[in-house]
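Reader: I've just opened this one and could use a guide. Can we take it a question at a time?

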Amino acid sequence: MSDLSLKHILEAALLAAGRPLTLEQMQNLFSEVERPDKTELRDALKELDADYSGRGLELREVASGFRIQVRQQLEPWVSRLWEERAPKYSRALLETLALVAYRQPITRGEIEDVRGVSVSTTIMKTLQEREWVRVVGHRDVPGRPAMYGTTREFLDYFNLKSLDELPTLAELRDIDSINAELNFSDAGTVPDELGDPSAIDVTATPDDTDIQASAAVAWEEDEAQAAADDTAPRDPAEQASAEPPSEMLH
């Protein structure tokens with residue numbers, strides 16, 4: 001390695017790769033004669049992480065390996081380098097993804113049982129195209145429905161090393177604050193840019209907001225019918241039976 005330190009070689013490799021690298025992949029950067037062991041690699045990575053302390057970069061270990069990334073606190077400024085808008089995801093997609101993450105392996109029918117509404121085919125397709133969710137098997141029941149689980153890409157995207165780092169259900173905050181933090185839209189919101197291939201069409205299938213709207217319309221119709229019944233003329237015999245006995249009036 002001549003005068004170059006192991007730390008600098010790893011830094012250059014991580015920046016050039018543009019993706020996480022495992023310890024094995026880092027070892028393959030060297031010939032068999034000079035190949036460092038994993039302990040040496042970890043020590044060099046610790047030194048590199050210490051060098052980034054107080055700077056705009058950080059060394060992060062995720063499910064797929066190690067990567068150098070911009071610190072999350074700097075996202076509001078760095079994101080302005082790209083003109084296109086960040087994709088927005090519906091509340092229904094967030095709930096579906098959470099169920100897969102916390103209850104995997106889980107079938108689409110089981111997700112619908114928990115949420116109480118049908119799961120849009122578009123949502124499942126988007127999660128799989130994003131490579132956050134994949135089919136991990138089939139339930140041994142009639143129809144053999146597919147069972148879904150999360151992927152390494154899901155863990156990498158959310159800066160997680162393993163599923164054990166997911167917050168417990170007791171630690172989860174209310175859904176609205178999570179939506180605001182992760183830039184998730186409401187369930188009934190249509191994406192601003194319909195041409196965005198990553199956008200979700202949430203109008204294709206009924207969801208929570210559709211059910212609530214239908215219930216409100218049905219309630220108003222029932223109220224109008226009840227009011228009409230009250231003002232309609234009654235049959236004399238029915239009206240007489242509805243009047244209280246004369247002795248109750250004295």
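Reader: Arginine 144: does it count as buried, partly exposed or exposed?
Author: Arginine 144 sits in the loop between strand 4 and strand 5 (146-150). Buried means under 20% relative accessible area, exposed over 50%, and partly exposed is in between (1.4 Å probe, protein chains only). The relative accessibility of arginine 144 comes out at 48%, so this residue is partly exposed.

Reader: What sort of model am I looking at?
Author: Numbering runs from 1 along each chain as its sequence is written, and side-chain values use heavy atoms, with hydrogens and water left out. Local features need pLDDT of at least 70, side-chain atom pairs count only at pLDDT 80 or more, totals for chains, interfaces and linings use all residues, and the model itself is predicted.

Reader: How many helices and strands are there in the protein?
Author: Helices (H or I, at least four residues) and strands (E, at least two) are DSSP runs, numbered from the N terminus. On that basis, the protein has 11 helices and 5 strands.

Reader: What is the phi of glutamate 131?
Author: Most residues other than glycine have a negative phi. Glutamate 131, in the loop between helix 7 and strand 4, has a positive one. Its value is near 60°.

Reader: How are helix 1 and helix 3 oriented to each other, roughly parallel or roughly perpendicular?
Author: Helix 1 (residues 6-17) and helix 3 (residues 38-51) pack at about 75°, with axes 9 Å apart; axes are lines fitted to C-alpha atoms, for helices over the stretch in contact, and angles run from 0 to 180 degrees between N-to-C directions. Under 35 degrees is roughly parallel, over 145 roughly antiparallel, 65 to 115 roughly perpendicular and the rest oblique. Helix 1 and helix 3 are therefore roughly perpendicular.

Reader: Which residues in helix 3 does helix 1 meet?
Author: Contact means heavy atoms within 4.5 Å. From helix 1, the residues taking part are Leu6, Lys7, Leu10, Glu11 and Leu14. They meet Glu40, Leu41, Ala44, Leu45, Glu47, Leu48 and Asp51.

Reader: How far apart in space are proline 20 and phenylalanine 66?
Author: Proline 20 is in the loop between helix 1 and helix 2 (23-27) and is buried at 14% relative accessibility. Its contacts beyond four places in sequence include Val62, Phe66 and Asp156. Although proline 20 and phenylalanine 66 are 46 residues apart in sequence, their C-alpha atoms are separated by 4.8 Å.

Reader: Which residue's side chain makes a polar contact with the side chain of arginine 115?
Author: Arginine 115 belongs to helix 6 (residues 108-115) and is buried, with 12% relative accessible area. A polar contact is a pair of N or O atoms within 3.5 Å; within protein, one must be able to donate a hydrogen and the other to accept it, and residues adjacent in sequence count only if both atoms are side-chain atoms. At 2.8 Å, the partner is glutamate 95.

Reader: Why does the pair of tryptophan 132 and tyrosine 157 tie parts together, and how many residues apart are they in sequence?
Author: Rings of Phe, Tyr and Trp (its six-membered ring) pair if their centres lie within 6.5 Å; planes under 30 degrees apart are stacked, over 60 edge-to-face, the rest tilted. This pair is tilted, at 4.8 Å centre to centre and 50° between the planes. Tryptophan 132 is in the loop between helix 7 (121-129) and strand 4 (133-138), while tyrosine 157 is in helix 8 (residues 152-157), so the pair ties together parts whose separation in sequence is 25 residues.
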